[in-house]
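Biologist: Could you take me through this one slowly, before I write up my notes?
Modeller: Gladly; have a look at it here, and then we can go piece by piece.

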Amino acid sequence: MENDDKYKIPAATRIGHVHLKVADLQRSIDFYCGMLGFEITTMYGKDAAFISAGGYHHHLGLNVWYSKNGPPAPRNSAGLFHTAILYPTRKDLATILKRLVDAGYPLTGASDHGVSEAIYLNDPDQNGVELYWDRPKDQWPQKPDGSLDMYTHPLDVAGLLGELEK
């Protein structure tokens with residue numbers, strides 16, 4: 001097979017799911033389903049759960065196959081930085097932010113990236129989680145050459161929560 005340097009992945013391609021190794025399956029189900037609102041689509045034996053939003057077969061897989069009762073992955077090593085969960089609207093992001101704040105769940109950050117607004121936290125196994133919404137593409141900031149001008153500015157948390165009053 002000849003290497004085609006002009007190949008580009010199809011534009012409609014998307015990430016289908018993330019499968020996480022966790023130390024305690026029920027604790028992870030409590031976080032992802034109980035706190036974030038995902039639903040279990042199926043249990044895979046007693047050591048794995050597949051969960052989703054809206055009935056998709058699974059957006060997240062959670063398993064203890066190699067990690068039961070294990071420690072979190074070392075922070076300064078190769079591996080997953082975070083799982084990013086895309087919410088459909090700004091109001092949806094405001095709703096989950098309020099839910100987390102009301103529960104006293106610790107956040108690790110909150111940023112405006114120009115193309116999106118995001119809140120950051122860790123799951124019970126210290127896996128990074130980004131919860132975000134994308135601004136409409138025609139509002140994405142651009143550099144003079146037309147490329148994206150993404151940045152990291154502090155998130156206007158009060159403005160985001162103000163979406164709940166609309």
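**Record, layout and core**

Modeller: The UniProt record, an unreviewed entry, carries the annotation "domain: VOC" over residues 14-134; such positions are given in the numbering used here, feature names are shortened, and annotations may be inferred rather than shown by experiment. This is a predicted model, in which local features need pLDDT of at least 70 and side-chain atom pairs count only at pLDDT 80 or more, while totals for chains, interfaces and linings use all residues. Residues are numbered from 1 along each chain as its sequence is written, and side-chain values use heavy atoms, with hydrogens and water left out.

Biologist: OK, so how much helix and strand is there over residues 14-134?
Modeller: Over that stretch the chain is 21% helix and 36% strand, and its end C-alpha atoms are 15 Å apart. Helices (H or I, at least four residues) and strands (E, at least two) are DSSP runs, numbered from the N terminus.

Biologist: And in the protein, how many helices and strands are there?
Modeller: The protein has three helices and nine strands, and from the N terminus on they run β-α-β-β-β-β-α-β-β-β-β-α. Along its principal axes, the C-alpha trace spans about 55 × 55 × 35 Å.

Biologist: Which domains is it divided into?
Modeller: There is domain 1 (16-68) and domain 2 (82-165), with bounds that come from an automatic or database domain assignment. Their centres, taken over C-alpha atoms, are separated by 22 Å, and 14 residues of domain 1 are in contact (heavy atoms within 4.5 Å) with 16 residues of domain 2.

Biologist: What about the inside: what percentage of the residues is buried?
Modeller: Of the 166 residues in the protein, 35% are buried. Buried means under 20% relative accessible area, exposed means over 50%, and partly exposed is in between, using a 1.4 Å probe and protein chains only.

Biologist: Which residues touch the most other members of the largest nonpolar core?
Modeller: Those are Tyr32, Leu36 and Leu131, in a core of 29 residues; a nonpolar core is a set of buried Ala, Val, Leu, Ile, Met, Phe, Trp, Tyr and Cys residues joined through side-chain atoms within 4.5 Å. The elements that give two or more residues to this core are α1 (25-35), β3 (48-52), β4 (60-63), β5 (82-87), α2 (90-103), β7 (116-122) and β8 (128-134), and α1 provides the largest share, six residues.

Biologist: Where does this core lie, relative to the two domains?
Modeller: The core lies between domain 1 and domain 2, because both of them give residues to it.

Biologist: Back to Tyr32, then: what is it in contact with?
Modeller: If we leave aside its neighbours within four places in sequence, Tyr32 is in contact with Leu20, Gly37, Phe38, Ile51, Leu60, Leu62, Asp123 and Val129.

Biologist: New topic: which residues of α2 are buried?
Modeller: They are Arg90, Leu93, Ala94, Ile96, Leu97 and Leu100. Seen down the axis of α2, these buried residues fall within an arc of 170°, so they line one face of the helix; the arc is that of the directions from the helix axis to the C-beta atoms. As background, an α-helix has 3.6 residues a turn, so residues three or four places apart point the same way.

Biologist: And what covers that buried face?
Modeller: The cover over the buried residues of α2 includes α1, β5, β6 (107-112), β7, β8 and α3 (157-162).

Biologist: What span should α2 have?
Modeller: At 1.5 Å a residue its 14 residues should span 20 Å, and the end C-alpha atoms are 20 Å apart, which agrees; the expected span is 1.5 Å times one less than the number of residues. Just after α2, Gly104 takes a positive phi of about 70°.

Biologist: Which residue has a positive phi although it is not a glycine?
Modeller: One of them is Asn69, with a phi of about 60°, and this residue lies in the loop between β4 and β5, where Asn69 is exposed with a relative accessible area of 66%. Gln126 also has a positive phi, near 70°; Gln126 lies in the loop between β7 and β8 and counts as partly exposed, at 48% relative accessibility.
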